[in-house]
Amino acid sequence: MKRYYIRTFGCQMNVNDSQKMAGMLKSLGYEPARSWEEADLILVNTCSVREKPDQKVLSALGEFKKIKNKNPDAIIGVCGCLAQRAGYEILQKAPFIDMVFGTTNIHHLPQLLKEAQAGNKAVEIIEDIDENETELDRYPTVRDSIYTAYVTIIRGCDKKCTYCIVPYTRGRERSRRIGEILQEVQWLVEDGVKEIHLIGQNVTAYGKDLGDVKFHELLYAVADIEGVERIRFTTGHPRDLDEETIKAMAEIPQVCEYLHLPIQAGSDRILKAMDRGYTQKEYLKKIELLRKYIPDIALSTDIIVGFPGETYQDYMETIKVLKEVEYDQVFAFKYSPRPGTPAAQMPVTEDSETVSRWLSDLINIQKEITFKKNRAYENKVVEVLIEEEKDGKLTGRTRTNKLVHIDGEHNLLGEIVKVRISKANRFSLEGELAEKLV
Ligand code: SAH
Ligand code: SF4
Ligand code: F3S
């Protein structure tokens, strides 16, 4: 039997695509390899959102190249966002690659594989959206987690934030038909899944291109499926997050009290240059509305530091927002110019060391806020879905997406239990079992 190994970089979209590719390979008779050294097929699913992931891909390829010494028939394939953006370039830099395909050609993996096995370079990078790409959705995912699952509801992005490569690597927004989404959720629940995580670059724009369904209606429909215990969704764009959606979040018992709502920057001038489509005040209004409907909601965000033209005053506006909102978690990155994006043409004014210092100061400020947020859980009882059992410790997540480690008890995998939190750490909580729930 042939064995595959998939290395995935990037966001949940890539993770889900890899899970689907694994499902596809399974249907072709492949089984997973324990390590890349034992594989007959290595797939590298790439990300290109910043320069660092680009570099990581190239160094991974340098490592995987060695497989050819041991197994000359082994096939190495590159897919995902970097392949879409610069597939031919990668092929030149790493001529030992057998297969390169873009983000809308994944469903052609079986044909590409055949071509590569026949000794040809199998390349398919199509600029236009392939109408048949949804064939991919028919394959069941192969997942690490038994109890939680991603479901792609929308692909691509129409927003064109000036720094971002995603619209170029993933194409325009297209929503999956609601019937197909619900069918997949149904299958997942029958397979034992308790938590459904709806994903897309821009989930709150779901349905806009279909015309007859909106995101909040999808939320109600998913919640109506028996066996769905928890619902999450990422990523929502602040511009499309409307009151109907917030109301649905509050009303539907399964929708978890957690939202990732990227702000990117606090300064109105920078937000405008980024073309985010909101001001700081408008963003904060959305947070206020969220907290009005869902008082105990946990929040996280993405921040870019050092966008072209950002001054210390602009940066301090971001810090002001962090202190005001008090996010549970912040993902902060140094601005990285992406080829072909409008921001890549804008002059960068601050030197790199200053931006690095801003970033590390910001991370330190947030660390304390996160710790404070975690400490507020001490002595509280929370619901935890147990996802892992290892070395006598159970691990799961609260509805607010906090990681919890629990001592003792066994045979609770996949159960939702009540846990009394005894200790808060910076990145996780510890607790004891209080009561079994479901
Ligand atoms: N669709 C999501 C974001 C996808 S990209 C949204 O709009 O929120 C994930 C994160 O990467 C972004 O939120 C942003 O913070 C970061 N990012 C994207 N392009 C970047 C760039 N050129 N430099 C630095 N960070 C970037
Ligand atoms: Fe990129 Fe903006 Fe689209 Fe997010 S909304 S994927 S940041 S263009
Ligand atoms: Fe990266 Fe592509 Fe996702 S660029 S963040 S893998 S959409």
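Author: Start with Glu326. At 24% relative accessibility, Glu326 counts as partly exposed, because that class lies between buried (under 20% relative accessible area) and exposed (over 50%), with a 1.4 Å probe and protein chains only.

Reader: Where is Glu326 found?

Author: Glu326 sits in the loop between helix 12 (312-325) and strand 14 (329-334). Helices here are DSSP runs of H or I with at least four residues, strands are runs of E with at least two, and both are numbered from the N terminus.

Reader: What kind of model is this, and how are its parts numbered?

Author: This is a predicted model, where local features need pLDDT of at least 70, side-chain atom pairs count only at pLDDT 80 or more, and totals for chains, interfaces and linings use all residues. Residues are numbered from 1 along each chain as its sequence is written, chains are lettered from A and ligands numbered from 1 in the order in which they are written, and side-chain values use heavy atoms, leaving out hydrogens and water.

Reader: Why is Gln264 called buried?

Author: Gln264 has 8% relative accessibility, so it counts as buried. Gln264 belongs to the loop between strand 12 (258-260) and helix 10 (268-274).

Reader: What makes the phi of Gln264 worth a remark?

Author: Most residues other than glycine have a negative phi, and most peptide bonds are trans. Gln264 is not a glycine, yet its phi is positive, about 75°. Glu326 is not a glycine either, and its phi is positive at about 55°. As for peptide bonds, the one from Thr234 to Thr235 is cis, with omega near -10°.

Reader: What makes the buried residues of helix 11 line one face?

Author: Gln280, Tyr283, Leu284, Ile287 and Leu290 are buried in helix 11. Seen down the axis, they fall within an arc of 110°, so they line one face of helix 11. The arc is that of the directions from the helix axis to the C-beta atoms. The face turned away from the buried side carries the exposed residues Lys281, Glu288 and Lys292.

Reader: What covers the buried residues of helix 11?

Author: The cover includes helix 9, strand 12, helix 10, strand 13 (298-305) and helix 12. Contact means heavy atoms within 4.5 Å.

Reader: How do you know that Gln264 makes a polar contact with ligand 1?

Author: An N or O atom in the Gln264 side chain is 2.7 Å from an oxygen atom of ligand 1. A polar contact is a pair of N or O atoms within 3.5 Å; within protein, one must be able to donate a hydrogen and the other to accept it, and residues adjacent in sequence count only if both atoms are side-chain atoms. The pair at 2.7 Å therefore qualifies. A backbone N or O atom of Gln201 also lies 2.7 Å from a nitrogen atom of ligand 1.

Reader: Which residues surround ligand 3, and how do they divide by class?

Author: Cys11, Asn14, Cys47, Ser48, Val49, Cys81, Arg170 and Gln201 surround ligand 3. A residue is near a molecule if one of its heavy atoms lies within 4 Å of it. This shell has four nonpolar, three polar and one charged residues. Ala, Val, Leu, Ile, Met, Phe, Trp, Tyr, Cys and Pro count as nonpolar, Asp, Glu, Lys and Arg as charged, and the others, Gly among them, as polar.
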